[in-house]
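Hi,

Here's the structure I promised to send over.

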Amino acid sequence: MSIDQTQLSKTSFKFFGLGGSNEVGRSCHILQYKGKTVMLDAGIHPAHQGLASLPFYDEFDLSTVDVLLISHFHLDHAASLPYVMQRTNFRGRVFMTHPTKAIYRWLLSDFVKVTSIGSNGYNDKDENLYTDEDLAESFDRIETIDFHSTIDVNGIKFTAFHAGHVLGAAMFQVEIAGLKTLFTGDYSRETDRHLNSAEVPPSSSDILIVESTFGTATHEPRINREKKLTQLIHSTVLRGGRVLLPVFALGRAQEIMLILDEFWSQHHDELGNGQVPIFYASNLARKCMSVFQTYVNMMNDDIRKKFRDSQSNPFIFKNISYLKNLDEFQDFGPSVMLASPGMLQNGLSRDLLEKWCPDEKNLVLITGYSVEGTMAKYIILEPDTLPSINNPEANIPRRCQIEEVSFAAHVDFRENLDFIEKIGAKNVILVHGESNPMGRLKSALLSNFASLKGTEDEVHVFNPRNCVVVELEFKGIKVAKAMGNIVDEVTTALGIQKEAPENALPAIEEVLKPDHDNVRGVDETVVSGILVSDEKNFDLNLVSLSDLRDYHMDLSTTVLRERQTVYIDCKKELIYWHLCQMFGDMEVIIDEEGITHSKEAPSKANSTSGDELELKIMGDVKLNIIKNIATLEWSQGIMNDTVADSVMAILLSVDSSPASVKISSRSCSHDHDHLHDHEDVWKIKQVARLCAEQFGECFSYKLSDSEPAADIMGHVTIGKNKASINLSQMKVEECNSNPLKGRIESILSIASDLVAPLC
Ligand SMILES: [Zn+2]
Ligand SMILES: [Zn+2]
């Protein structure tokens, strides 16, 4: 059996970023290994609209993707999924965690609404990536994965781990043919008010695809940030100002609200009791609260305890009111407003920004990560004026205070480095970061791992641009599992005592060499067997030929029936006699002429020719002769092929064999008749004929009928070498050359076999 060598030797891993490489936004990465393709995330770029916000889908044939894994519900990771599923040739399976799927549904329908309303004034309806119907249709085809469970799709195994960041956010460890890649998605290593920090998967990974949002920056301690946030807000409302916190509707908004609700309770006299209201303005606020309640069990101990103790939803806040839109909002005095979207591109938060930014008492507080090219990023630069989205002609003066206190749940440099070291992957691919921070992170990582440079454990760090392939070669070392009889062979060869169940013994490390079928075990012991590669799971099993069918029932086998037909010009008796000499007794199936003298030889009932002979030779080779046509039929196999070859050789040579002459001479009358009296003369003639065939004109002899008693001599003369052969006694009498003598003796030995008494 042959192994598909091309498949086994294909060991290069490819990473291809369609988005989110050297940028934050439109995350989408392709992994390819051993003919399998995995896609990670399908986001949009928040700074762009319509098709321009998509990852570079045209640069890759999406129909080849087997599995698409969505890390979390943020738009930059999930918002182009309906487009991929409904508007491209993508045919793969899509997975995300349960909470991601639950929140994704609401978020994206809001995304469709916001982008199709055209609240930003220039959003053309034709530019919509997909409709609500697309979203609904594709939604049902999304499959869910539980944290810590592993799913296998045609040999692609993937496991979801907690990533922190936002509710439902997952890291995926993807394993293809033993090669493990960990994709962090967005992740945080800090336990916050409601989420646990990201986990370190228990098994190691060969490749790590890691976010680099904050590059080499280091977060201030959380306690300081919380203090700064509450103080900024407190002082603003005390001076009669309004606070705008642009937030993404879900995720970090809940974290900020937990902080503010607690602070308001603690400062109840000055702030609480409706004196300074906090609003959460989002189309989705109420809907998503139920989702947060449902998944409290996935959050950290603190919040679970609160939920248990109070028997109420910790996300229903005492001091915070929900606003579906601004129509319900009466803007009379100081207030705190959390409003989506977080990047101030359009919608509620943008409307409030334009309304409040001319007043110097007000504060705009950025708490999330601001993507390059968005208003949130722009405003941090404290510009004097802002372009109005509702009135493109106008520039709005900006006098309000702008502050940034990050509660973006992304790792900082120290946390990232610690995690990267814990994972221990030798190949690190940076994604989800602007070029500069990403470049700085790369340098910092390289200098951190500098001592390993040139060693086997060298860490390679990549920061590819979008659509630039990273190709990594992996050594094709494979472990083949020995199964069945071959286990005994291996254990004997290695002198191992066999105790464990058969299958557990012993793993053989095989160094793949495309031109080599042998398998090396420990101590260089060579065992031979058939290496069966399971294309689905990439398992390699080593079995002996006899076990093949037992252990690989699913292998499709082919039985080749061979048939050859030849024309023969001699009697069937003769052929039968030769076959008997060669193979002994044969099964007679049909013998209409009674040649075989077989008692049970049946006659074919419907045969009309009357001379059919059919024999079964050595079990499975069938010879059928009707008139002068001999047909040989057998199932392909080493044994049968050899038998069939021998039968064919007899069929083709039978009429010219000297022995045939003898047997056929009894039944046919021709000029050999007069030799019957002189068996010896016939014998001599056959020997002489053989010598003449070998030596041609160099051989001569004389047959004298008159002196039958005398030995008949033949002579060979080749140049100076001469030999005299006693043909009657079949021996070399004289010869001046040993090589020639040897040659003649071997001819005589063949001849003696040929002319020996036949029965
Ligand atoms: Zn995110
Ligand atoms: Zn992100």
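A residue is called buried here when its relative accessible area is under 20%, and exposed when that value is over 50%. Keep in mind that this is a predicted model.

By that cut-off Asp 412 is buried, because its relative accessible area is 3%. Its salt-bridge partner is Arg 414, with the closest N and O atoms 3.9 Å apart.

Another joins the side chains of Arg 242 and Asp 331, at 2.5 Å from N to O. Arg 242 belongs to strand β12 (residues 242-246), while Asp 331 is in the loop between β14 (320-323) and β15 (335-339), so this bridge ties together parts that are 89 residues apart in sequence. Arg 242 is buried, at 14% relative accessible area, and Asp 331 is buried too, at 19%.

Then there's a pair within a helix. Arg 304 and Asp 301 are both in helix α9 (residues 301-310), 3 residues apart, or about one turn of the helix. Their side chains form a salt bridge of 3.6 Å, N to O. Asp 301 is exposed at 53% relative accessibility, whereas Arg 304 is partly exposed at 29%.

Which residues are linked in a network of salt bridges? They are Glu 190, Arg 193, Arg 222, Arg 225, Glu 226, Glu 255 and Glu 262.

Cheers

Technical notes:
Residues numbered from 1 in each chain as written. Chains lettered and ligands numbered in written order. Predicted model: local features only at pLDDT ≥ 70, side-chain atom pairs only at ≥ 80, totals over all residues. Heavy atoms only, no water. Salt bridge = Lys/Arg side-chain N within 4 Å of Asp/Glu carboxyl O. Helix = DSSP H or I, 4+ residues; strand = E, 2+ residues; numbered from the N terminus. Buried < 20%, exposed > 50% of the residue type's maximum accessible area, 1.4 Å probe, protein only.
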